[in-house]
Amino acid sequence: MPLVLQPPEPNSSNDVESLVLALKKNKDWFEQMLIKNSAVLLRGFNVQNAEEFNDIIETFGWDDIRYVGPAPRTHVHKRVWTANEGPLSEFIYYHHEMVLIKEYPKKVILFCETPPPEGGETPFVPSFRVTERMLKEFPETVEEMDANGLKYTFTALSKNSTGSMRGRGWEDTFGTSDRAEAEKRANALGMDVEWLPDGAIKTILGPRSLTKVFEGRKERRMWFNTVVGMHGKELSSALMADGTEIPANVVNRCEQIIEEESIQFKWEKGDVLFFDNLALLHGRRPSLPPRRVLVATCK
């Protein structure tokens, strides 16, 4: 993991054009490979920029889905955005993309325009392995959390800030500067909201189940939550459904298990990496600059 697909003749001048044609002819096979392997890497096709990356994405005919979440991002070209623009010195914790939103992407696609000189890996984790190990060590707690669900809170700032990996302001998050419209859109996404004195908005989500089983993925229970990523943080929280604290030893051990199960992926220039968002958690290791990775999310 990931499954690596490379051109039969590297360094060809029309690698991207040939790649798009090949993908069009083999769309069903490619999607089967993505579900089977959870991650597929296209390497060696000389993908240069957002425009060529977008051509690859649009080949499949997958519907676009607008990102909703805390990460500061910038629109680049058509369906392409920057990945989290928070400080490269920070570790972005493992997560399923938009895991708490009612409609989340099935696929997350990343393109490396500029690989970092050091660090900056995109680690990922087979989600079912986390569930298996947590059930083995904390069977009663896990089943209780899954049955009753968890509640989460997150605060979106009044304005965007790239000084934090969670620095996306509420206007950008909800695509409006109108408070009433922002509340309406938040409610449609399954959130309750509370306005704070500094102009930020606190969103409340839940209860949300701890695990999910998705069709075509061997009936495996995916660790489809963000307990570790949001528990006890400055702008977020993760709690039991009744508002009580999740046992700290459970959260700490889960963090250890996720790290133990992680696969460290190192970027090369021009890489295009497809993730099955229903099967993998992913993150970002700290790195030295420059590092530029672009992203698209698909239904």
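How are helix 4 and helix 9 oriented to each other? I will answer that and then look at what else surrounds helix 4. Please keep in mind that this is a predicted model.

Helix 4 covers residues 127–137 and helix 9 covers residues 248–260. Two packed helices are described by the angle between their axes and by the distance between those axes. For this pair the angle is about 140°, and the axes are 10 Å apart. Angles over 145 degrees would count as roughly antiparallel, and 65 to 115 as roughly perpendicular. Helix 4 and helix 9 are therefore oblique to each other. The crossing of helix 4 with helix 9 is right-handed.

Now the residues. On the helix 4 side, the contact involves Val130, Arg133, Met134 and Glu137. On the helix 9 side are Val250, Arg253, Cys254, Ile257, Ile258 and Glu260. Sorted by class, this contact has six nonpolar residues, four charged ones and no polar ones.

Helix 4 has another helix partner to look at, helix 5, at residues 139–148. Here the axes come within 5 Å and cross at roughly 120°. That makes helix 4 oblique to helix 5. Met134, Leu135, Lys136 and Glu137 of helix 4 meet Pro139, Val142 and Glu143 of helix 5. The classes in this contact are four nonpolar, three charged and no polar residues. Met134 and Glu137 are named in the contact with helix 9 and also in the contact with helix 5.

Next, the strands. Helix 4 lies across strand 7 and strand 15, and runs at about 60° to strand 7. Both strands belong to an open sheet of three strands, in the order 5-15-7, with antiparallel pairing. Which strands stand at the edges? They are strand 5, at 92–95, and strand 7, at 124–126. Each has a single partner strand, so one side of each is left without a neighbour in the sheet. On average, neighbouring strands here are turned by 10° against each other, ignoring direction.

Strands of a sheet pair through backbone hydrogen bonds, either parallel or antiparallel. Strand 7 and strand 15, the latter at residues 280–284, run antiparallel and are joined by three bridges. Val125, for example, has Leu281 in strand 15 as its bridge partner.

Last, the wider setting. UniProt, in an unreviewed entry, lists residues 17–296 as "domain: TauD/TfdA-like". Over those residues the chain is 30% helix and 25% strand.

Terms used
Residues are numbered from 1 along each chain as its sequence is written. This is a predicted model: local features need pLDDT of at least 70, side-chain atom pairs count only at pLDDT 80 or more; totals for chains, interfaces and linings use all residues. Side-chain values use heavy atoms; hydrogens and water are left out. Axes are lines fitted to C-alpha atoms, for helices over the stretch in contact, and angles run from 0 to 180 degrees between N-to-C directions. Helices (H or I, at least four residues) and strands (E, at least two) are DSSP runs, numbered from the N terminus. Angles under 35 degrees count as roughly parallel, over 145 as roughly antiparallel, 65 to 115 as roughly perpendicular and the rest as oblique. A crossing is left-handed if the near helix is turned anticlockwise from the far one by less than a right angle, and right-handed if clockwise. Contact means heavy atoms within 4.5 Å. Ala, Val, Leu, Ile, Met, Phe, Trp, Tyr, Cys and Pro count as nonpolar, Asp, Glu, Lys and Arg as charged, and the others, Gly among them, as polar. Two strands pair if DSSP finds at least two bridges between them. UniProt positions are given in the numbering used here, feature names are shortened, and annotations may be inferred rather than shown by experiment.
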